Every structure is written in C-alpha cells, then in structure tokens.
Amino acid sequence: MPGEWNSSQQGLVLITGASGGFGLHFALQLEAQGYVLILHGRDKTRLQMTLDALEFPERHQLMLGDLSSRKTLESLIDALVQMPIVGLVNNAGFGVWGGFEQRESVPQLDVLRTDLLAPVALAHALLPKLKKNHGFIINVSSLAGESPLPYMATYAAAKAGLTFWSEAIRAELLGSVRVVTLAPGPSPTGFRQISGAPQGKGSLFRIPAAQVVQSALRVLKGGGGYCVPGFRHHLIWMMQKIVPRSVSLAMMAYYLRR
Ligand SMILES: NC(=O)c1ccc[n+]([C@@H]2O[C@H](COP(=O)([O-])OP(=O)(O)OC[C@H]3O[C@@H](n4cnc5c(N)ncnc54)[C@H](OP(=O)(O)O)[C@@H]3O)[C@@H](O)[C@H]2O)c1
C-alpha cells in the first residue's frame, strides 16, 4: 500500500502506462492535485524514473504487468480490487504500423487486448469502488478512433471501440462517476517510435503531452466529457467530420503506406 496519508491527499489513482509519455504527465499533474498514485507499466526502470520525477515519491507505488496478457491482467485486478481507488486512468496503449496482411497477427491482437479489452476489464472490476468514492475514469483514446486508418487498421479499430464504449458508459454513469474520453491527435511521446509509423506531415499537428493531459484534467474538473485537446487537434477533428470517408481513406492510405 502507498505511504502515509495526510489530509491534503485526495485519494488513490491508478495510471496505466505511467512509464513515459502522457502517463508521466498524468502522474505529475495528478500528484500536484493531491492524489496518491499507483504507477503501472511493464518497464520497471522507466517507471522508477516517473516515480523519481514526482515531488513525494515515497507516497506512491509501482505496479508491473503486461496488459495484453489475460493472466497478468486478472492478477492485477485481484490486487487492485482490494485498494481504495478513486480514479482510473486507462492510458496504456500502443499501435502497430504496417499492412494488415503483412504484419503478424499476435501484435495486432495485443493492440486490441491492451488498448480496448484491458480498459474495459479494469473499469468493470473497479466500478463498485469508483462509485462508492464518487470517483472518475479517464480513457485515453485517440482521434484515430474517429476514422478508419489504413496501415494502422487494428489500432484505429481498438480506439474506435474505446471511444464508443467510453462515451456510452459516460452517459450511464452520469452523476455517479465522472468519465473523460480523451481523444488526442499526434503528440511527441514514445508512441510513434514504438508503432513504427513514419514521421510526416502529421507532426505539424503535434501538441505537447503536458498540454494534452492538462486539457483532460480540465474536462474532468468540469464533470467529465469528450475531450479533444488544443487547437491543432481540433483542426484534425473538424477535418475528420467534414471530409468524406472515401477521400480520407485514400489520403491516409497514401500517407501511411511507404
Ligand atoms: N502520442 C500520440 O501521438 C498519441 C495520440 C493519441 C493517443 N495516444 C494514446 O496515448 C496513450 C499513451 O501513449 P503515449 O503517447 O504516451 O505513448 P508511450 O510514450 O509509448 O507510452 C505508452 C505507455 O503504455 C504502456 N504500455 C504499452 N503496451 C503495454 C502493455 N501491453 N501492457 C502494459 N503497459 C503497456 C507503456 O508501458 P511500458 O513502456 O512500461 O511497457 C507506456 O507507459 C496510448 O493509449 C496511445 O494510444 C497517443
């Protein structure tokens, strides 16, 4: 269990994928709001770096586990349901770039397990605690969930599922658990390198990870909602709404092929 409790502390929050990127900034900003954190990830060294970046590292704890493994997910859940959790940040995720047929099946299925199935399983298991504690869920989805993405087909499918599920439970839980569906566009984290996607014009639309997280926490403060952070990501979102699917499919296929 985390270290000593004091009256300025707001409760216990689980952040998945806290070993870098958005997860690091969720940790920094939620700690600043007084929360005590469970920092989850697979890479212990990088998780320790997140912990060391916090102001009161001794208050928080690390939790290791691969969310694409059903067995691991089940044992994480067994431990988590014993804890007085008030917030769940479903942030861990990755994508696999490449032709659907050319890329192996296992990593593509792992994208679905990590980015979609694990958030659903964690939220379902923790909901009784979250309701009791008038808590919150932040689901880190993506603008990739707003339109099909050739050469990152499985990632977009996972994020579309996550967005729809998150928005539906947001309506179901109104008044009991605040839900934020965060749908960012490109941001300079480890994501692009891990997915293997090429650098390109998309980087013109990047906004810093700290700003993405700040937007999500602002929406949380307002009671929850769907959050597209920043002006640049709003531009992408608006284009997704007005450009016909046939055109956007052809454009994205051209852009992401290579
Ligand atoms: N950056 C962007 O452009 C962007 C845009 C839209 C949405 N997103 C979403 O933002 C979220 C955070 O990604 P990021 O951009 O911050 O990228 P990142 O720097 O690569 O961080 C991803 C995090 O997810 C964790 N993770 C990945 N696979 C995992 C698995 N199987 N089990 C457990 N943990 C796993 C990683 O943990 P370990 O390293 O410890 O394994 C890492 O902490 C993801 O859901 C991503 O889809 C990112």
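**View 1. Helix H1 in the shell around the ligand.** H1 gives the most residues to this shell, three in number. Helices here are DSSP runs of H or I with at least four residues, strands are runs of E with at least two, and numbering starts at the N terminus. The model is predicted: local features need pLDDT of at least 70, side-chain atom pairs count only at pLDDT 80 or more, and totals for chains, interfaces and linings use all residues. Residues are numbered from 1 along each chain as its sequence is written.

**View 2. Residues around the ligand.** The shell holds 29 residues, and Gly17, Gly21, Gly41, Gly93 and Gly190 come nearest. Two or more residues come from each of helix H1 (21-32), helix H4 (105-132) and helix H6 (191-195). By class, the shell has ten nonpolar, 14 polar and five charged residues. Ala, Val, Leu, Ile, Met, Phe, Trp, Tyr, Cys and Pro count as nonpolar; Asp, Glu, Lys and Arg count as charged; the others, Gly among them, count as polar.

**View 3. Strand S1 and its cover.** S1 spans residues 11-15, and four of its five residues are buried. Buried means that 20 or more other C-beta atoms, placed from the backbone, lie within 10 Å of the residue's own.

**View 4. Parallel partners of S1.** Strands pair if DSSP finds at least two bridges between them. S1 and S2 (residues 35-41) are parallel, with five bridges. Leu14 has Ile38 of S2 as its bridge partner. S1 and S4 (residues 85-90) are also parallel, with four bridges. Here Val13 stands opposite Gly87.

Terms used
A residue is near a molecule or strand if its C-beta atom, placed from the backbone, lies within 6 Å of it. A residue is buried if 20 or more other C-beta atoms lie within 10 Å of its own, exposed if 12 or fewer, and partly exposed in between; C-beta atoms are placed from the backbone.
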